[in-house]
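Take a first walk through this protein chain.

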Amino acid sequence: MNKSSFNNPQFIKTALEPAHYPRLLSPRGTSYPEIAVAGRSNVGKSSLLNHLFNRKSLVKTSSVPGKTQALNFFTVDDTLGIVDLPGYGYAKVPFHVKRQWGPMVQAYLNNREQLKVVLFLIDIRRIPNDEDKLFVEWVANRSKAMILVLTKVDKVKTQEKKRMTTRILDELQCANIHYIHYSTKKNIGRKELIGMINDALVDELMEE
């Protein structure tokens, strides 16, 4: 596939279950590879996606964690699918809604053949919790390519950034993982992350 520049972003649809997933096909009829974006409900997924898309409000943001309560599908460059997964954690949403998230996300991650790369976001100021560790373990067990995105690095000073990066990697037990520091406010990491995504996609598609 051609390298993506994350141009021409388009919102496609919201889905709750596999039967409603969109069919994202090239003119030749092949499926677009997809990238899933995951993390806690307050980690800044929507802000990061808008920054990657170079749009202010294509992805809805909110001061209240848990705004995303379904799978939201986007495309970029008419060649690549982006899937914004519901955030997990302390989101103040009804229990019956939160209870649906696990099976909904699991169904996508387990069964979507187009999924090639997972962007896993962690706030650099937070120590990974059990849910974070379980998610990383799931990705590792299924041999999915993962990029760890340490967000909100503008909130910490250089020494704290180094210390917390080491602590997070140690907690996740993934010292060899590809990771990047990111800040939407300071415009840090966009070009580098796009390059990492393209490299990961090339590696994944070559293995097929």
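Which residues of β4 lie on one side and which on the other, and are they buried or exposed? Leu-80, Ile-82 and Asp-84 sit on one side of β4, Gly-81 and Val-83 sit on the other, and all are buried.

## Basis of the model

This is a predicted model: local features need pLDDT of at least 70, side-chain atom pairs count only at pLDDT 80 or more, and totals for chains, interfaces and linings use all residues. Numbering starts from 1 along each chain as its sequence is written, and side-chain values use heavy atoms, with hydrogens and water left out.

The predictor's confidence in each residue is its pLDDT, from 0 to 100. The protein chain averages 87. Of its residues, 87% score at least 70. Residues 62-67 stay under 50. For that stretch the model has 10 contacts beyond four places in sequence; a contact means heavy atoms within 4.5 Å. Where pLDDT is low, the predicted coordinates should not be read in detail.

## The chain as a whole

The protein chain holds five helices and seven strands. Helices (H or I, at least four residues) and strands (E, at least two) are DSSP runs, numbered from the N terminus. From the N terminus on, the order is β-β-α-β-β-α-β-α-β-α-β-α.

Buried residues make up 49% of the 208 residues. Buried means under 20% relative accessible area, exposed means over 50%, and partly exposed lies in between (1.4 Å probe, protein chains only). The chain exposes about 11,200 Å², and carbon and sulfur atoms supply 47% of that area. The areas come from the Shrake-Rupley method with a 1.4 Å probe; for residues, only the protein chains shown count as cover. Among contacts with a separation of 6 or more, 74% join residues 24 or more positions apart.

β4 covers residues 80-84, and five of its five residues are buried. In a regular strand the side chains alternate between the two faces of the sheet.

β4 pairs with β2 in the parallel sense, over four bridges. Two strands pair if DSSP finds at least two bridges between them. Ile-82 of β4 is the bridge partner of Ile-35. β3 and β4 run antiparallel and are joined by five bridges. Here Phe-74 stands opposite Ile-82. β3 and β4 form a hairpin with three residues between them. Asp-77 in the turn has a positive phi of about 60°.

## Helix α1

Why is helix α1 largely enclosed? Eight of its nine residues (residues 45-53) are buried, so the rest of the structure largely encloses α1. The buried ones are Lys-45, Ser-46, Leu-48, Leu-49, Asn-50, His-51, Leu-52 and Phe-53. Asn-54 follows α1, with a positive phi near 60°.

## Two nonpolar cores

A nonpolar core is a set of buried Ala, Val, Leu, Ile, Met, Phe, Trp, Tyr and Cys residues joined through side-chain atoms within 4.5 Å. The largest has 34 residues. Leu-71, Leu-85, Tyr-108, Leu-109, Phe-120 and Leu-148 touch the most other members. β2 (34-39), β3 (71-76), α2 (95-111), β5 (115-123), α3 (130-141), β6 (145-151) and α4 (158-172) each supply at least two residues of this core. The largest share, five residues, comes from α2.

Leaving aside neighbours within four places in sequence, Leu-109 is in contact with Ala-36, Leu-85, Leu-115, Phe-135, Trp-138 and Lys-144.

## Aromatic pairs

Rings of Phe, Tyr and Trp (its six-membered ring) pair if their centres lie within 6.5 Å; planes under 30 degrees apart count as stacked, over 60 as edge-to-face and the rest as tilted. The count comes to seven aromatic pairs. Tyr-21 and Tyr-108 form an edge-to-face pair, 5.8 Å centre to centre with 75° between the planes. Tyr-21 lies in the loop between β1 (10-15) and β2 and Tyr-108 in helix α2, so the pair ties together parts 87 residues apart in sequence. Tyr-21 is buried at 12% relative accessible area, and Tyr-108 is buried at 0%.

Phe-53 and Phe-74 form a tilted pair, 5.4 Å centre to centre with 45° between the planes. Phe-53 lies in helix α1 and Phe-74 in strand β3, so this pair ties together parts 21 residues apart in sequence. Phe-53 is buried at 1%, and Phe-74 is buried at 3%. Phe-11, Phe-53 and Phe-74 form one aromatic cluster.
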